[in-house]
Amino acid sequence: MSKGDDKSESDPGSSQRGGISPDGAIEAYKEAKLAGRTEMKTLTVMYDNYKAELTVEYWWVFECGAFSAQARQYRVTPNGSKSGIIRFLMLGKGPEEVWDEKLTSTAWQDGAWHDVEGGGAVGVYPTKKGKLGFKYTFGGVNAPNPSAYTEVEVVCPD
């Protein structure tokens, strides 16, 4: 936080998430990447004949007391619309350790991979387990637009 910023670390609008400052998160990512300790997962949801995928990169920090993740790219079955909504979630040790972020409400639904950004960190101590979640709302399919959700458990490799 910059000097004069009156937001506390517990304020939802604070620049610190999951106890990791933005600079600390960048350094933790660089260290994990150099050590070959980042993992990639592609989360997939389906509704009827429509499919959406979100690729996420994640890594462990604080000796597996927390994990960080960043959404990297997505693709959606073509349906001629550019109004899909992508939500990326991370679930930690309890209800207070949840990251839920809308990445976009204008997702291309054209079958091609597109870059997307967003993510954070959540605490998982002492279980050393967390979940990555993906919710997609298909735009232009039906009214109301259908949604699908999936989550996958991630476990510290130590």
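The model is a predicted one, in which local features need pLDDT of at least 70 and side-chain atom pairs count only at pLDDT 80 or more, while totals for chains, interfaces and linings use all residues. Residues are numbered from 1 along each chain as its sequence is written, and side-chain values use heavy atoms, with hydrogens and water left out.

**Exercise 1.** Find the order of the strands in the open sheet of four strands, and say which strands stand at the edges.

*Solution.* Begin with the terms: strands are DSSP runs of E with at least two residues, numbered from the N terminus, and two strands pair if DSSP finds at least two bridges between them. The order of this open sheet is 5-4-8-9, and the pairing is antiparallel. Strand 5 (98-107) and strand 9 (147-155) each have a single partner strand, so they stand at the edges and one side of each is left without a neighbour in the sheet. From one strand to the next, the twist averages 15 degrees, where axes are lines fitted to C-alpha atoms and angles run from 0 to 180 degrees between N-to-C directions.

**Exercise 2.** Describe how strand 3 pairs with strand 2, strand 6 and strand 7.

*Solution.* Strand 2 and strand 3 pair in the antiparallel sense over 10 bridges, with Ala52 opposite Val76 in strand 3. These two strands form a hairpin with four residues between them, and in the turn Phe62 has a positive phi of about 55 degrees. Next, strand 3 pairs with strand 7 (residues 119-123) over five bridges, again in the antiparallel sense, and here Ala66 has Gly123 as its bridge partner. Finally, strand 3 and strand 6 (residues 114-115) are antiparallel over two bridges, where Tyr74 stands opposite His114.

**Exercise 3.** Locate the disulfide and determine its handedness.

*Solution.* A disulfide is counted when two cysteine sulfur atoms lie within 2.5 Å, and the structure holds one. It joins Cys64 to Cys156, with an S to S distance of 1.7 Å. The torsion about the S-S bond of Cys64 and Cys156 is about 45 degrees, so the disulfide is right-handed. Distant parts of the chain are linked in this way, since Cys64 lies in the loop between strand 2 (50-61) and strand 3 (66-76), whereas Cys156 lies in the segment after strand 9, 92 residues apart.

**Exercise 4.** Decide whether Glu53 is buried or exposed, and name the partner of its side chain in a polar contact.

*Solution.* Buried means under 20% relative accessible area, exposed over 50%, and partly exposed in between, with a 1.4 Å probe and protein chains only. Glu53, which is placed in strand 2, has 10% relative accessibility and therefore counts as buried. Its side chain makes a polar contact with the side chain of Arg75 at 2.5 Å; such a contact is a pair of N or O atoms within 3.5 Å, of which, within protein, one must be able to donate a hydrogen and the other to accept it, and residues adjacent in sequence count only if both atoms are side-chain atoms.

**Exercise 5.** Classify the ring pair of Tyr58 and Phe67.

*Solution.* Rings of Phe, Tyr and Trp (its six-membered ring) pair if their centres lie within 6.5 Å, and planes under 30 degrees apart count as stacked, over 60 as edge-to-face and the rest as tilted. By this rule there are six aromatic pairs. The centres of the Tyr58 and Phe67 rings are 6.4 Å apart and their planes stand at 80 degrees, so this pair is edge-to-face. Tyr58 is buried at 4% relative accessibility, and Phe67 is buried at 0%.
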